[in-house]
Each structure stands twice: as structure tokens, then as C-alpha cells.
Amino acid sequence: MATDARLALITRPGCHLCDDAKAALDRVVAVTGDKWVEWDVTGDDGLEREYGDRLPVVMLDGKEHGYWRVEEDRLLRDLTTPQL
């Protein structure tokens, strides 16, 4: 699942928390100028097995940043703080 986006949101259709997370990511990237991609667990046994009980899951730079709810302030901070 390689992408040039720093953010990925792992979701499934019909997930109301996923819809909330999409709106939150839209607010965050409106500030930072980043982009995000969506990974649907439907039909992907590996994603379903790894993340299915915790959807939605926010990934930042290929690492899990959080699940169920987007911590917008924390995500903004982590996106705008220079990496050492």
C-alpha cells in the first residue's frame, strides 16, 4: 500500500466513526496542506485481521497514529513538528 501521502485512514463501508474520521482528516489537511488516502479493509484479509476491531485507524508515515477517534490537535502537532 505504498503512497506518497503521509496520512492513511483505514476504514470499512458503513462505519460512522470512519465518516467522522474522514471529516477530521479533511480539517487537519486543510491546515497543513498534506493529503490523505483511504484504505478499505473490505476484501483485504491482512488489513481486516490487523485492524478490523479498531476501525478507523489513522496511519502517519506508515505507523499507527491512533484509532476510533482522530486526535486532531495531536495529529496537527505531529504533522508540523520537524522529524529528527
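This is a predicted model: local features need pLDDT of at least 70, side-chain atom pairs count only at pLDDT 80 or more; totals for chains, interfaces and linings use all residues.
Residues are numbered from 1 along each chain as its sequence is written, and side-chain values use heavy atoms, with hydrogens and water left out.

**View 1. The chain contains three helices and four strands.** From the N terminus on, the elements run β-α-β-α-β-β-α. Helices (H or I, at least four residues) and strands (E, at least two) are DSSP runs, numbered from the N terminus. The C-alpha atoms fill a box of roughly 35 × 25 × 15 Å along the principal axes. Buried residues (under 20% relative accessible area, with exposed over 50% and partly exposed in between; 1.4 Å probe, protein chains only) make up 39% of the 84 residues.

**View 2. Four strands form an open sheet in the order S2-S1-S3-S4, with mixed pairing.** Strands S2 (36-40) and S4 (63-67) stand at the edges with a single partner strand each, so one side of each is left without a neighbour in the sheet. Neighbouring strands are turned by 25 degrees against each other on average, direction ignored. Two strands pair if DSSP finds at least two bridges between them.

**View 3. Strands S3 (residues 57-60) and S4 pair in the antiparallel sense.** Four bridges join S3 and S4. Met59 stands opposite Glu64 in S4.

**View 4. Helix H1 (residues 16-32) packs on the sheet.** Helix H1 touches strand S1 (7-11) and S2, where contact means heavy atoms within 4.5 Å. The direction of H1 makes about 170 degrees with that of S1. Axes are lines fitted to C-alpha atoms, for helices over the stretch in contact, and angles run from 0 to 180 degrees between N-to-C directions.

**View 5. Helix H3 (residues 72-80) lies across S1, S3 and S4.** Helix H3 runs at about 15 degrees to S3.

**View 6. Tyr67 and Trp68 form an edge-to-face pair.** The ring centres of Tyr67 and Trp68 are 4.8 Å apart and the planes stand at 75 degrees, so the pair is edge-to-face. Rings of Phe, Tyr and Trp (its six-membered ring) pair if their centres lie within 6.5 Å; planes under 30 degrees apart count as stacked, over 60 as edge-to-face and the rest as tilted. Tyr67 is partly exposed, with a relative accessible area of 36%; Trp68 is partly exposed, with 42%.
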